[in-house]
Amino acid sequence: MRIAQLLCGLALALVPLPVAAQSLATVERNGAFVAVEPYAPNIVRVTISLERALSDAAPGHGISGKVDARGWTHKADGSGDVFASSALTLTVDPQPWPKAPSQMERYFVPSLPRVSLSVRGADGRLLTRMNGWELAPHTVNGEKTFKAGASFAAPQDEHYYGLGQNQESTGPLDLRGRTIDCRHYYDAPAGETVCIPFLVTSKGYAVVWDNPSATIVSPGLHGSTHWQSEVGERVSFFVITGATTDAIYAGYARLTGDTPLPPKAAFGLIQSKARYESQKELLGVAEGYRSRGYPLDVMVLDWFYWTRMGQLDIDRTYFPDPVAMNKQLHDQGMHSIISVWPRFERESRYFNLLSAKGWLLKDKDGGVVDGLPVRADRAGALLDSTNPEARSWFWEKIRDNIASQGFDWFWLDETEPDLVPDGNFYSIGSGDRYHNLYPLVHTSSVAEGSARDRPAFRNLILARAAYLGTQHSGALFWSSDVQASWEALRRQVPAGLNFTASGHAYWSSDTGGWQWPSGPPAERPVLLDPAGATAMGAEYKDYPELFTRWFAYNVFTPTLRIHGQRPGTAIWEYGTAAEPVLAQFLRLRYALIPYLYSLGYRTHETGAPFMRGLFMDFPDDPNVANLGDEYMFGPAFLVAPVTEQGVTARRVYLPAGSDWYDYWTEEKHAGGQWVTAAAPIDRIPLFVRAGSIVPLGAQVPNTSARQPLEAIRVYPGRDASFTLYDDDGVTNAYRKGAGTRTELRWSDREGRLSASGKLPGGQDLQALVRLAGAPSALK
């Protein structure tokens, strides 16, 4: 039941009373209604509107958490309406009856009733203050609506992270002082933008903005953080507080859903190309890895394997027996992913059906939107995935037409969507009102369908756009069709860190860039002889070097995928000099699988990403607040990618509060300083935090094979623990407690590693221990 209390001016002090579970309170401020809904002790929603029904309405799409007011109290006194829990206190300020406006105020004071509020932590410290809200009337797509916004105080020492994917930066991570156009936009000049309206701050709180229309966010600009959405009749947002960023991510997961553990194959090499033109070519690449002894887990079949866009079929001229093709991959321990698009040409077999049922994006006159007047690849109509019947139909056709041919997982491309919905209409409303929603509803078609029809088989989706809650669909995200240039590589690092800071742990980029390799002449001598390379034209002499640096970087991103629009993409197609270097990095990735898979399980449990901006783990070191070209990869590794052509060293900042080991030399360095790290072409600057445990696996052809541990490296300097997790890698039994968890503990005083139980393969623990920095006889 909802509890409402009407306040005019200053209210008399009331004795605080516990608010009943599953309730909220709505207070009035001179005609503005302010609803307060707790979702946990550290999560609260605020909704403001001129209409009571709108302020009391449920939150929008992507919010799956439930109202939970247990432990909360509400009182009204001279300070306003105070809502308190063990974790935070939210105070809606009192607003005296407004006086008559002065002549100046008649022109410049907004017409909305004033609403302001503050949020304090458990210790009483002010975390944030909302100073005002706005509803500015305008007409969008024929609809009379408002621009809806709010402004928050922004102290000079506050830093901001998240908001999805923005590729404008080539280094700085902090969003402070920037204006972010938070909308999905494939053609953004620096690379595709993706909006996840979740902003994490350095002050122990985050804001989840509850509006799917295009939104402008200006964090910390002129002393204010301002949000303004293009379409809305209310302001709705959540505040999540936490003593650590991981506590904030746990709150985000509670609010929007957990992150499933991907299949183990997702942590190995995913090999793709735009495009494999035949069954013979695809199997030939897989055999190329196998015959050379290089590990490989997934082969990807990208677009134009169909007879026509929207047929949802497989062209048997070039892929005569996809069942046999997939069986051959499976027999070799590999898996497959196939690209499925949401577009339907007028001549395709399903167009008339979808049009008749109203399951395609429509224009203002009710006609089907067929392509856009830009870029030749935009022919076809868009499936309206906001319609649950259309979503169900889409999965059933994927299941019957494609999954039945032995394909394991699905690449849902164009999830922005590529056919921009602005000016057009979904079944639930205007494309402008729901501009950012499509990735959530479209990926859910496969996530829900797979869970229903393949309940024992672990789902995986490739997607290039996201929204609140899309992490719950089992999607792996990537930065879209970026350029094949050094500049594009530099932009990937901060873009990826802010994406994972947005509560979505699985992000990577197309290794080497997607666009046709084309770049200016190298400014320095190339570090890899391009002789024998077939992946690019002869004029791009430094492309093998670029690809190798990009590959080394992606070895230390949550997923490792090679993709691109070039003649060849496999690791032997970048020249005889590059191949052994790439093979070395590939084997390092597979050695890290036990470590990575355990991190994936921890993310499933906690919601926290494992590719982490340094601000997450070193909040007391002011030097890391804006570092966007280095990051933590799990609790152990500090990664500093090389993104400049021809260089063989780079400066790396080692955060204060810990000692650090050079991974390659095991030389120990004190934290809180800059060092110059050697970076020959066969190394990525890589440091390990003192007090780390890193399990390393033996080499395997793919993750389908049992991978015994080859070593457990211990980096002394403080006590440490690491939970080693393993399971079958393909089923959903992990959700019911299956798998083995072994707690590894390092006592620095005793110089001893212990385990809570047997290792996953039953190996002897002490025989595997390798102590960093010890004499060679002890390693």
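**Exercises on a predicted chain**

Of the 779 residues in the chain, 61% are buried. The model is a predicted one.

**Exercise 1.** Classify the ring pair of Tyr 39 and Phe 238, and state which parts of the chain the pair ties together.

*Solution.* A pair of aromatic rings is described by the distance of the centres and the angle of the planes. The chain has 41 aromatic pairs. For Tyr 39 and Phe 238, the centres are 5.2 Å apart and the planes stand at 75°. Planes over 60 degrees apart count as edge-to-face, so this pair is edge-to-face. Next, locate the two residues: Tyr 39 belongs to strand β4 (residues 32-40) and Phe 238 to strand β18 (residues 235-241), so the pair ties together parts 199 residues apart in sequence. Last, check burial, for which the limit is under 20% relative accessible area. Tyr 39 has 3% and is buried; Phe 238, with 0%, is buried too.

**Exercise 2.** Classify the ring pair of Phe 610 and Phe 633, and state where each residue lies.

*Solution.* The ring centres of Phe 610 and Phe 633 are 5.9 Å apart, with planes at 55°, so the pair is tilted. Phe 610 is found in the loop between α12 (593-606) and β31, while Phe 633 is in strand β32; the pair links distant parts of the chain, 23 residues apart. Phe 610 is buried, at 3% relative accessible area, and Phe 633 is buried at 0%.

**Exercise 3.** Identify which strands stand at the edges of the six-stranded open sheet that contains β31.

*Solution.* Write down the order of the sheet: β31-β32-β33-β38-β35-β36, with antiparallel pairing. β31 (611-612) and β36 (668-670) each have a single partner strand, so they stand at the edges and one side of each lacks a neighbour in the sheet. β31 is joined to its antiparallel partner β32 (residues 631-633) by two bridges. Within this pairing, Arg 612 stands opposite Met 632 in β32.

Technical notes
Residues numbered from 1 in each chain as written. Predicted model: local features only at pLDDT ≥ 70, side-chain atom pairs only at ≥ 80, totals over all residues. Heavy atoms only, no water. Pairing = 2+ DSSP bridges. Helix = DSSP H or I, 4+ residues; strand = E, 2+ residues; numbered from the N terminus. Buried < 20%, exposed > 50% of the residue type's maximum accessible area, 1.4 Å probe, protein only. Phe/Tyr/Trp six-rings, centres within 6.5 Å; stacked < 30°, edge-to-face > 60°.
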